[in-house]
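I open my notebook and the structure side by side. I will write down each thing I look up as I go.

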Amino acid sequence: MATYAYRCTTDGPFDLVAAMGTAPQTGTCPRCAAPARRVWTAPRLSTADPRRMALIDSTKATAERPEVVTALPPGRVDRRGSVAIQRNPALAKLPRP
Ligand SMILES: [Zn+2]
């Protein structure tokens, strides 16, 4: 659902909630029931959930600027003190040069 802005010539601006892409060009004013024209406004991104926006931003950043890895990820240490690397078993089936 999205919030769309309308302006009544008598009562001023008001909002209507409708499914995205289904907002009519004219809405009914809640005070006088007269038809009101739709007003184009900037998206209200500041009212979005900050955690959701942070996730979207980090996902975009990873796609455009992958992080440079300088060390192996933490894993199990074997008896000799070296880190056991988890290997994907599906990669073993790939042809070798
Ligand atoms: Zn009105």
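**Entry 1: the helix**

I start with helix α1, residues 50-64, and ask if its length fits. At 1.5 Å a residue, its 15 residues should span 21 Å. I look up its end C-alpha atoms and find them 21 Å apart, which agrees. I note that this is a predicted model, so every value here is computed.

I remind myself that an α-helix has 3.6 residues a turn, so residues three or four places apart point the same way.

How many of the 15 residues of α1 are buried? The number is 0, so α1 lies largely in the open. Buried here means under 20% relative accessible area.

I pick A63, which sits in helix α1. A63 counts as exposed because its relative accessibility is 65%, and exposed means over 50%. I also look up how A63 lies relative to A92. The two are 29 residues apart along the chain, and their C-alpha atoms are separated by 27 Å.

**Entry 2: the sheet**

I turn to the strands. What is their order in the sheet? The sheet is open, has 4 strands and reads β2-β1-β4-β3, with antiparallel pairing. β2 (12-18) and β3 stand at the edges. Each has a single partner strand, so one side of each is left without a neighbour in the sheet. Neighbouring strands are turned by 45 degrees against each other on average, direction ignored.

Now I go through the pairs.

- β1 and β2 run antiparallel and are joined by 7 bridges. They form a hairpin with 3 residues between them.
- A5 has V39 as its bridge partner in β4.
- β3 (residues 26-28) is joined to β4 by 3 bridges, and this pair is antiparallel. T28 has P35 as its bridge partner in β4.

I stay with V39 for a moment. V39 belongs to strand β4. Is V39 buried, partly exposed or exposed? V39 counts as partly exposed, because its relative accessibility is 27%. I also look up V39 and Y6. They are 33 residues apart in sequence, yet 5.1 Å apart in space, C-alpha to C-alpha.

**Entry 3: the turn between β3 and β4**

β3 and β4 form a hairpin with 6 residues between them. I look into that loop and find A33 there. A33 has a positive phi of about 65 degrees although it is not a glycine. Where does A33 fall on the accessibility scale? A33 counts as exposed because its relative accessibility is 55%.

**Entry 4: the zinc site**

Which protein atoms are donors of the zinc ion? I list C8 (SG), D11 (OD), C29 (SG) and C32 (SG). They lie 2.0 to 2.3 Å from the zinc ion. Along the chain the donors follow the spacing C-x2-D-x17-C-x2-C.

Next I check the geometry. The angles among the 4 donor atoms are 96 to 126 degrees, and the site is tetrahedral. Four donors count as tetrahedral if all angles lie between 85 and 135 degrees, so I can see why the label applies. For comparison, the ideal angle for four tetrahedral donors is 109.5 degrees.

C8 is buried, because its relative accessible area is 3%. C29 is buried as well, with 3% relative accessibility. C32 has a relative accessible area of 36%, so I write it down as partly exposed.

**Entry 5: disulfides**

With cysteines on the page, I make one last search. A disulfide is a covalent bond between the sulfur atoms of two cysteines. How many disulfides does a search of the whole structure find? The search finds 0.

How values were computed: Residues are numbered from 1 along each chain as its sequence is written. This is a predicted model: local features need pLDDT of at least 70, side-chain atom pairs count only at pLDDT 80 or more; totals for chains, interfaces and linings use all residues. Side-chain values use heavy atoms; hydrogens and water are left out. Donors are N, O and S atoms within 2.8 Å of the metal (3.2 Å for Na, K and Ca); water is not among the atoms, so sites may look incomplete. Four donors count as tetrahedral if all angles lie between 85 and 135 degrees; four count as square planar and six as octahedral if opposite donors are over 155 degrees apart and all others between 65 and 115; anything else is irregular. Buried means under 20% relative accessible area, exposed over 50%, partly exposed in between (1.4 Å probe, protein chains only). Two strands pair if DSSP finds at least two bridges between them. Helices (H or I, at least four residues) and strands (E, at least two) are DSSP runs, numbered from the N terminus. Axes are lines fitted to C-alpha atoms, for helices over the stretch in contact, and angles run from 0 to 180 degrees between N-to-C directions. The expected span of a helix is 1.5 Å times one less than its number of residues. A disulfide is a pair of cysteine sulfur atoms within 2.5 Å.
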